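Hello,

Here is the structure we talked about handing over.

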Amino acid sequence: MHTSLLRQRRSLIAATAVAVITATAGLAMPAYAADDDLTQTGGASHHHNQDQTDVIRQPIENSGAKNVILLIGDGMGDSEITVARDYAEGAAGKLAGIDALPLTGQYTTYSLNKSNGKPDYVTDSAASGTGWATGTKTYDGAIGVDVNGEAHSSLLEIAKANGLKTGDVSTAEVQDATPAVQISHVSQRKCYGPEATSAKCPENALENGGAGSISEQLLDVRPDVTLAGGSKTFNEKAKAGPWKDKTLFEQAKERGYTLVDDAASLDTVTAADQSQPVLGLFAEGNFPVRYNTIEATVGGGNGEAQRCTESSDYMSDLSLDKLTSKAINLLNRPDSDTGFFLQVEGASIDKQDHAANACGQIGETVDLDNAVKTALDFAKQDGDTLVIATADHAHTSQIVDAAPPATLSVPLLTADGQKMIVAYGTAEEGGSQQHTGTQVRIAAYGPGAANVVGLSDQTDVFDTVNNTLSTNRDVSAQSASASASTQVDGDSVVTTGEGFRGDWTVNARLDETDLGQADVIDGSVSFTGAAPTEPGTYTVTLTGNQSGTVKTATFTVGADGAVAAPTGSNDSTSQSSSLLPGGLALTGLAGIGLLIAALAAIALGVALLVMRRRRQIAAQSGGTL
């Protein structure tokens, strides 16, 4: 679509969205208050007898969006949402973000058994994340690969190859399963850095010819914005490749990343792009959670109900909603047709559920809800953004009527001023509570939101996002029209590659001389090598490390040592140059055109000479031509 038409369409969508928001403002009911009379007919209603048709009509009518924000609550099943809502807002209350998304469905989350490809009814976060990130079901522990170990492109990688800006935000280590599925492909989820990769998935290790650890692949993929924990792993050193024996932090700095590690340094960042992507790592491991632990014990639900208290370790200045807002501000280009894809994870709902820590999981759910509200507020103003909120799998916690006699429980005092008993029954005290295999909620707002309605599978998210953004899913094909050219710069030959959008890095060789590896920046890459002094024809070969695309450019050194090189051919496959007598350089298609023109001029000149001679002869003999 023409740029001006796109802008007109998006302006119309934004104006329509504002109009719908204004028109339906009267339908937005005030939040439930604890002193409301629930005994009255309609006292617990969320809709208050108001027709909701207009509220949901807009996202059904529109399709196609400039931006997509995907928010994941790790381990956030319906039970976890209900626990958080009852505690924070009361039984008849609403969560301001999650519950405000107008279109809702459920999706299945099962993984596959690696040995036979049959369903494994309870997934882990790695297989689950791979499902929505790549559209491919796989085995527990797999990151971005199928049951046969074959890598599949992720939503973030596809978005980047299609020219969109990208972001990956989490309160976990950036190497943890959910953020990792967007930026890496390894056979085992714990392959965080070079050390673990050598031991746990050696086929992925750089020293064995693999793509490297999760952290190393992150540096290759180069999202515009990455905000998470996991800084400890970046102190490890690469075991092979261009940055061998350098720490991953040193590598990131050399590769042009803007590194930040606290709220103050993040506040100073005003731009993020492929030239200077932002890598913010704010904790050695996972982020500290909002609330202190109230321990669940056997029979604990019989005790006095308590309120959760905020932890002194909680990083309120780096809360998930603030990170989400920062990422959106860095990725959004309101005056451009370039959109973005952003994934945001509230990671420790799952981790605190494993630990039977009700307060921990509630705080994380509230934090995710705040992030959803931030995304939703942006989408309503923008008018061209799809927001999706969902979970990777369900978990153990349940609201029960009385303390179970043999399993863990804890009594909490809710916003209603009532006692709520939260129970955990899938592991003994001190053990890790288990995931469960139930379907989970998926809800959305904006263009394409209707695709989440009804029952789907989490792999359908892959299609919904790609269809909404109108992406070409074949990442390697994005480098098919790449080109290579060379030019002389003093005693150096500079080789430039263009159109390598399906690659993150490119290697270069000047005949048998290795020119090294370079990052692809917005499809472009450049290498500089010393110009040869021996006469002859030389070839520079560029190889895309992800797509396998090979492009060449040739140049010739004359007998006098002068170098003739292309200066801007449009040949997308290869280019060559040679010296004609007198030093005229012929380059690629331009050179061929010049040669043809020269030959045509010579032929025309010969023809004119022949005609002139014939006229002279005819004139001398008194004849005619």
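This is a predicted model: local features need pLDDT of at least 70, side-chain atom pairs count only at pLDDT 80 or more; totals for chains, interfaces and linings use all residues.

Residues are numbered from 1 along each chain as its sequence is written, and side-chain values use heavy atoms, with hydrogens and water left out.

**The cores**

The largest nonpolar core has 93 residues, and L71, L227, F341 and L342 touch the most other members. A nonpolar core here is a set of buried Ala, Val, Leu, Ile, Met, Phe, Trp, Tyr and Cys residues joined through side-chain atoms within 4.5 Å; buried means under 20% relative accessible area, with a 1.4 Å probe and protein chains only. Helix 13 (residues 358–382) supplies the largest share of this core, seven residues. Helices (H or I, at least four residues) and strands (E, at least two) are DSSP runs, numbered from the N terminus. Another core, of 18 residues, lies apart from it and includes V506 and V540.

**A buried aspartate**

D168 sits in strand 5 (residues 165–173). D168 is buried but has no salt bridge, and the nearest side chain of opposite charge, K160, is 12 Å away. A salt bridge means a side-chain nitrogen of Lys or Arg within 4 Å of a carboxyl oxygen of Asp or Glu; Lys and Arg count as positive, Asp and Glu as negative, and His and the chain ends are not counted. Beyond four places in sequence, the contacts of D168 (heavy atoms within 4.5 Å) include L227 and L342.

Four strands make an open antiparallel sheet in the order 9-13-14-12. Strand 9 (297–298) and strand 12 (398–400) are at the edges with a single partner strand each, so one side of each is left without a neighbour in the sheet. Two strands pair if DSSP finds at least two bridges between them; strand 12 and strand 14 (residues 419–424) have three, with Q398 opposite A423. Helix 13 packs on this sheet as well, touching strand 13 and strand 14.

A three-stranded open sheet has the order 17-18-21, again with antiparallel pairing. Strand 18 (residues 492–498) and strand 21 are joined by six bridges, and T496 stands opposite S526 in strand 21.

Best wishes

Technical notes:
Buried means under 20% relative accessible area, exposed over 50%, partly exposed in between (1.4 Å probe, protein chains only). Axes are lines fitted to C-alpha atoms, for helices over the stretch in contact, and angles run from 0 to 180 degrees between N-to-C directions.
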